[in-house]
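Morning, everyone. I have one structure to show, and a few parts of it to walk through. Let me put it on the screen.

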Amino acid sequence: MAECRLQLLGPVQLFAGDVAVPIGGPGVRGLLALLALKPGKVVGLDEIIDALWGHDPPATARTIVHGNVSHLRRILRDVDGPSILTTPPGYLLAVEPERVDVHRARGLLDQASLAAPETAAALLAEALALWQGPALGGVPDSLRAPELEDLRLAVHGARVDADLDLGRHAELIVELSPIVRADPLAERTAGQLMRALYHAGRRGDALELYRTVSRATLRTLGVEPGAELRWLHERVLNDDLPERPEAALSRESAAVDERGQPVSQLPAAVPSLAGRADELAWLDGLVTRAEAGETTIAVVTGTAGVGKSTLVVWWAHRVAPRFPDGVLFASLRGFDPHHPPLEPADLLTQFLLGLGVETAKIPELLHERVALYRSLIAGRRMLVLLDDARTAEQVRPLLPPSARTMTVVTSRSRLDGLAVSNAAKQRVLGTLAPDDAVRLIEELAGPAALNHALARLCGYLPLALRIAGARLSASAQRTAEELVDELGNERTRLAGLQVDGADDGVRAAFDVSFRGLPGEIAETFLQLGAVPGVLVGPHLMAAVAQIPVAEARRRLRALAAHNLIEETARDVFAPHDLVWLYLRELAEHELGEKERDEALGWTVRYYQAVADRARRRLGHVADPLDFTGVLADEAMPPLTGFAEAQDWFAAEWPNLLAALDAAYAAGRHDDVWRLALLGHTYRVVCPLLDEWTRMADLGVEAAEAAGDVEGQCWLRLARCEIALAFDLPGYGFADAERAAALAAGSADTRLTTSADVHLGRALSRRGEHQKAIDRLAKAIAEAPDVTLRGQALGSCAQAEKRAGRLAEAVAHQLAGLEIDRSLGDDDRVVVALDKLADLNLRAGDLEAAERHVWEAIDLAISREFVAREGALRLTLGRVLRTRGDLDGAREQLALSVRIYERVHPKLVGEVRSELAELQ
């Protein structure tokens with residue numbers, strides 16, 4: 001099948017080879033664009049809704065997105081395209097970046113920056129050809145990506161620069177003249193046209209062009225053109241404009257050292273840089289803006305050890321020729337474990353000495369040093385690197401006044417103040433991609449089969465990767481297997497990522513960040529270490545810290561601003577893997593046992609309260625557990641409907657399991673079985689065998705340890721439900737029989753009826769039809785509410801079907817369906833419709849069977865009942881086969897196979913066999 005590619009630079013389209021594949025309307029196109037802009041990265045559901053509808057999304061926005069995702073998945077499956085993965089808190093498009101034209105263009109721009117002019121011009125022309133009209137055509141108006149226009153301008157500007165270097169002046173005059181006439185404020189393009197005119201022998205036209213641009217900027221902006229354009233004008237007036245921009249400034253105005261060379265204070269760079277293509281392209285784009293006369297300040301921020309300084313220094317060596325007046329560098333020691341942060345006065349002394357000022361002539365007062373520094377670099381094209389800043393206040397006196405000078409700041413904190421007061425552009429540096437992480441290890445220690453495992457254990461954090469590589473290379477006796485074993489133990493991993501200097505390891509780097517936090521923020525960070533799981537939101541943090549939700553959100557965002565945790569989606573915070581281990585160690589050593597136990601207790605109570613609220617949005621529940629009074633409404637997520645509740649469970653499931661494990665280890669057995677039963681309701685709707693089984697087994701063990709008979713009954717019925725859902729041996733009969741025996745003396749009719757329903761279902765699957773029907777008839781008659789009566793009716797219908805009593809089965813199934821509809825229980829409605837379709841198929845009513853199954857499929861897709869959809873596709877395939885539509889049957893069975901491969905691997909063989917019969 002032809003390779004798929006995605007077009008965003010023009011009308012949003014999916015191509016299979018050169019053939020456009022219809023994908024749908026603006027909402028579907030917008031969703032695909034959002035995912036393709038971030039290939040391999042999770043795009044949160046809230047982010048998708050904000051982008052597609054702005055500040056006024058419809059009440060059904062989540063349902064619409066779920067349905068559109070399902071629609072796109074079907075289209076992509078049909079053309080063997082990339083997959084859309086559900087990855088809480090949103091979705092991820094698993095596609096190679098080069099298959100998306102945006103990322104292809106960025107790659108070509110990056111290649112061109114290192115190529116000779118002729119090669120660069122060809123690469124950039126190829127990149128420009130990717131634009132097939134205005135970017136993101138055909139998507140909702142609320143979806144904007146201004147960075148794509150910035151990318152087009154950067155590619156076009158770089159291509160024009162390459163053509164200028166190749167002397168293609170006449171062609172450029174024809175190309176650029178209409179662009180500048182249409183937008184005389186585009187100063188970079190105007191400057192390029194001035195160069196082309198001048199070198200084509202049209203000096204007078206170049207001067208007239210400057211006058212036109214100058215009048216436009218004065219009239220529109222009230223200012224003269226930028227420094228770069230004014231400098232070009234001066235050179236054209238003097239008739240001494242050089243061919244190459246690197247030679248643009250005369251050495252008379254440059255900052256020089258004693259040898260007459262431009263000042264260069266850069267420290268040594270690493271021999272090669274692993275990965276970081278996107279970040280390098282971003283920095284290169286800012287250089288282009290600086291060359292066009294824009295004031296440019298970049299802040300590269302990220303957690304300790306992520307490689308901020310390494311990236312910036314390596315990049316600075318590469319682009320230094322584009323700053324002919326030199327490069328200034330200073331370490332601000334913002335997070336130095338041995339020294340306090342440098343004062344601006346001391347840093348200015350360092351810079352002034354580098355700029356050639358004699359020691360005796362350096363002013364005493366800070367403001368005088370600032371004035372002298374700014375006067376010396378005014379009008380020059382320089383690069384200023386300010387490494388390891390602690391605060392915005394430390395940086396501001398060092399910011400150059402010239403639009404021709406670019407400043408790059410690195411910090412563990414976000415320095416939001418610079419973005420507000422100085423329009424600084426920010427970039428958060430993440431960990432390396434897996435292949436780039438392996439490459440970094442191999443640079444130090446050479447290739448090895450276990451390097452991928454080693455990189456994963458290092459969390460892809462560059463500092464950890466360098467330590468691991470150094471440890472391997474330093475000892476011929478140490479093997480990768482030994483180091484993987486050492487780091488594989490979470491309790492010794494941080495110790496394994498330590499080198500000889502006590503302050504040079506990963507733990508020490510994190511410790512410096514923690515010790516610098518304000519008191520209440522440090523307290524919250526410590527409490528995080530006592531919370532099971534790796535994700536936390538403001539509602540959970542509020543419960544643990546016993547503070548209002550708004551205050552918890554503020555503290556979590558303060559920690560994110562210090563890059564100790566990351567806000568991966570709105571109100572979803574997570575630490576890096578190694579920070580998570582550091583947190584655990586920190587809480588263990590600095591919190592008392594009572595404090596840790598209180599944190600665990602509030603975590604469990606929070607999940608009990610919110611899981612109970614969420615499961616009641618998924619459908620009616622049969623068990624008596626009720627946690628509605630544990631937390632106030634404002635202390636919990638609102639979860640107003642089915643989709644929100646389903647999303648909450650999906651996002652929080654790993655944390656729920658972690659809370660269960662931690663509570664069991666702490667001997668909180670009553671809490672464990674109750675929380676397991678609450679989570680069971682979600683897994684009935686969204687079944688996953690391993691996780692569901694693990695939770696139910698733990699619940700049974702906890703109920704037995706607590707000596708709670710009713711808890712044992714409910715959790716054994718949960719295990720029976722799993723066996724019935726996945727056709728496990730015995731169909732859960734032993735658990736159902738034991739639960740029925742335990743419940744026999746109970747006064748709770750909900751429990752006894754539930755036990756009868758499960759035991760009847762198990763008997764039916766074992767072929768004991770009359771016993772099953774009798775037991776289920778008893779459940780129908782004795783059911784204390786409509787919820788259990790509906791379950792008993794549906795189960796009885798299935799038992800009657802197996803006994804060959806189709807008329808009674810249809811009647812009971814219809815009665816059960818009406819109850820499910822009245823309760824608004826969509827999951828049970830889907831199941832009932834599927835069973836009703838199967839009954840109609842067996843009774844020969846093919847029209848009714850197809851009608852029921854299509855209704856169920858539409859509902860399952862809108863609710864993202866993936867496992868249910870697999871069963872429904874199988875039913876529909878059987879209906880179509882019976883009707884003689886073999887092509888349609890093959891299509892539906894193939895879809896069922898694909899779904900079952902992911903969620904029902906034990907059942908996929910049966911479906912494959914049916915599909916093979918149709919080939």
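Keep in mind that this is a predicted model.

Start at helix 7. Its buried residues pack against three partners: helix 6 (146-165), helix 8 (187-199) and helix 9 (203-221). Which residues of helix 7 are buried? They are His169, Leu172, Ile173, Leu176, Ser177 and Val180.

Now its geometry. Helix 7 covers residues 169-182, which is 14 residues. From first C-alpha to last, helix 7 reaches 20 Å, close to the 20 Å expected at 1.5 Å a residue. There is a kink, though. The angle is about 30°, and the kink sits at leucine 176, shortly before proline 178. Leu176 is also on the buried list.

Six strands make an open sheet, ordered 7-9-10-11-8-12, with parallel pairing. At the edges are strand 7 (263-264) and strand 12 (425-428), each pairing on one side only. Strand 7 runs parallel to strand 9 (residues 326-331), and two bridges join them. For valine 263, the bridge partner in strand 9 is glycine 326. Helix 13 (residues 344-354) packs on this sheet. Helix 13 touches strand 7, strand 9 and strand 10 (383-389), and its direction makes about 155° with that of strand 9.

Last stop, serine 764. This one lies in helix 33, residues 749-765. Is serine 764 buried or exposed? Buried, because its relative accessibility is 2%, and the cut-off for buried is under 20%. What does serine 764 touch, leaving out residues up to four places away in sequence? His769, Ala772, Gln798, Ala799 and Arg802.

That's my tour. Over to you.

Methods: Residues are numbered from 1 along each chain as its sequence is written. This is a predicted model: local features need pLDDT of at least 70, side-chain atom pairs count only at pLDDT 80 or more; totals for chains, interfaces and linings use all residues. Side-chain values use heavy atoms; hydrogens and water are left out. Helices (H or I, at least four residues) and strands (E, at least two) are DSSP runs, numbered from the N terminus. The expected span of a helix is 1.5 Å times one less than its number of residues. The bend at a residue is the angle between axes fitted to the seven residues ending there and the seven starting there. Buried means under 20% relative accessible area, exposed over 50%, partly exposed in between (1.4 Å probe, protein chains only). Contact means heavy atoms within 4.5 Å. Two strands pair if DSSP finds at least two bridges between them. Axes are lines fitted to C-alpha atoms, for helices over the stretch in contact, and angles run from 0 to 180 degrees between N-to-C directions.
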